[in-house]
Amino acid sequence: MTAPLEEWDLVVVGAGPAGSSAALGALARDPDLRVLLLDRSDFPRDKSCGDGIAPHVLDALAEVGAGDVVDDWTPLHRLELSRGTTTVEGPMRREVHVVPREVFDARLVERAVAAGAVLRRHRVGSVADGPDHVTVSGTIAARVVVAADGAHSAIRTGLLGRRRQPRALAIRGYAPTTPELAGRQVIRYGERRQPSYAWAFDRGDGLANVGYGELLPGENDRREAPSRRLLLEQLEILIPGTASTGSGWLGHHLPLSGWRWHQPDGAVLLVGDAAGLVNPMTGEGIYYAVATGIAAGRTAADCLAAGRPEASGARHRRDVRRMLGTHLKHTWTASRLSRSPVVVEAGIRAASRDRHAFDTLVELGLGDGRIDARLATGLLRGLVRRSDVHRPPMMETP
Ligand SMILES: Cc1cc2nc3c(=O)[nH]c(=O)nc-3n(C[C@H](O)[C@H](O)[C@H](O)COP(=O)(O)OP(=O)(O)OC[C@H]3O[C@@H](n4cnc5c(N)ncnc54)[C@H](O)[C@@H]3O)c2cc1C
């Protein structure tokens with residue numbers, strides 16, 4: 001005899017930022033929904049990440065009552081971007097936070113539980129979308145499932161097959177913040193396969209999140225993936241003193257977003273890394289995770305209220321394409337262009353000449369910005385005027 005299925009309105013697989021946000025989005029719409037949040041790990045848990053929380057993340061979380069989750073962390077106001085001797089350094093229009101994921105993710109899970117979600121440690125083995133419900137791990141019946149199971153999502157592979165998608169590999173650790181790195185986000189592009197860069201993000205508590213990542217070879221590319229040793233060597237070359245003093249190294253893949261975004265019909269909704277949404281220029285994914293998570297939660301609640309859970313996939317596809325579709329095309333274009341180091345340097349020069357170009361690049365890299373005519377013109381000028389290479393940055397101090 002088969003065991004009776006345990007029934008839930010919404011089951012969220014994965015309790016990272018995408019999954020917690022999905023639970024928050026659904027429960028903000030309908031506090032009476034029965035929401036089960038599953039993760040294979042106990043919280044708090046670590047996650048390999050640069051820990052950079054863009055202001056857009058907090059804007060989105062504010063819509064579900066969680067915009068204050070990092071209020072007690074010191075924000076950063078300045079950004080340095082450089083490749084070789086081409087540099088720009090200046091104030092960002094909006095502050096960013098750098099909060100260890102061990103803290104950030106656990107706080108979001110707490111908020112989701114406080115809103116009514118039930119958290120359970122459980123590794124999901126299978127998800128099957130049937131005519132009446134979605135069966136999770138063979139024993140749980142859900143009317144809608146949100147797949148928030150991260151970069152190696154088995155649910156995504158089950159739904160969409162193994163799609164060719166560019167991936168990057170990055171490693172992060174924590175190093176003491178030196179005066180040179182204090183109070184800013186530092187990004188230094190490297191010489192290897194582009195985009196490749198090292199970063200140092202000051203957490204504001206004496207430690208900086210430091211790391212290095214690069215694009216992985218494509219399927220038909222015979223070059224080997226970079227080793228841990230190579231990643232750390234590159235970090236030390238680009239930001240001396242970080243790899244040699246850092247600890248807590250953790251690497252992970254980043255599924256970089258493409259020109260078009262895919263979500264099948266049905267009652268299983270893809271969000272965050274599981275939806276293949278990481279900014280291909282910068283490796284930022286928390287904003288997409290939170291924004292698509294909240295959108296999926298709302299969609300699930302609305303379709304359940306309408307008695308049409310099976311319509312949720314089509315609606316999620318439409319909503320996410322409306323929210324991010326144009327931006328994804330622009331970041332895809334920018335990331336293709338920036339595979340040329342000459343274009344990266346032209347972008348940095350454009351940003352050092354024009355405050356608007358600087359702000360537009362930040363929006364494109366951290367949030368949902370687009371390439372506009374002024375940035376494109378600045379890039380072209382930067383390409384033509386390569387003689388500016390050694391000119392000092394022109395950004396004003398605040
Ligand atoms: C080195 C590095 C640096 C980065 N830096 C930044 C940055 O500074 N800023 C930024 O915005 N983004 C950054 N990113 C990207 C960011 O980390 C991800 O985009 C983000 O974590 C996506 O959130 P998520 O909730 O979709 O997935 P995750 O945070 O990966 O959460 C997925 C969850 O699913 C759970 N899970 C997986 N499989 C199962 C299963 N079978 N059953 C149950 N649970 C399961 C996991 O335990 C995990 O908790 C970086 C990534 C890397 C690798």
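H8 and H10 are roughly perpendicular to each other (angles of 65 to 115 degrees count as such). Helices here are DSSP runs of H or I with at least four residues, numbered from the N terminus. H8 covers residues 341-353 and H10 covers residues 373-384. They pack at about 115°, with axes 8 Å apart. Axes are lines fitted to C-alpha atoms over the stretch in contact, and angles run from 0 to 180 degrees between N-to-C directions. The contact, meaning heavy atoms within 4.5 Å, includes Val342, Ala346 and Arg353 of H8. From H10 it includes Leu379, Arg381 and Leu383.

A word on the source. This is a predicted model: local features need pLDDT of at least 70, side-chain atom pairs count only at pLDDT 80 or more, and totals for chains, interfaces and linings use all residues. Residues are numbered from 1 along each chain as its sequence is written, and side-chain values use heavy atoms, without hydrogens and water.

Next pair. H6 is residues 286-305, and H7 is residues 312-337. Their axes come within 8 Å and cross at roughly 155°. That makes H6 roughly antiparallel to H7 (over 145 degrees). Among the H6 residues that meet H7 are Tyr287, Ala291 and Asp302. On the H7 side, Arg315, Met323 and Leu328 are among them.

Now the ligand. For Glu284 it is 3.1 Å.

Definitions and conventions
Helix = DSSP H or I, 4+ residues; strand = E, 2+ residues; numbered from the N terminus. Parallel < 35°, antiparallel > 145°, perpendicular 65-115°, else oblique. Polar contact = N/O pair within 3.5 Å; in protein donor to acceptor, adjacent residues only side chain to side chain.
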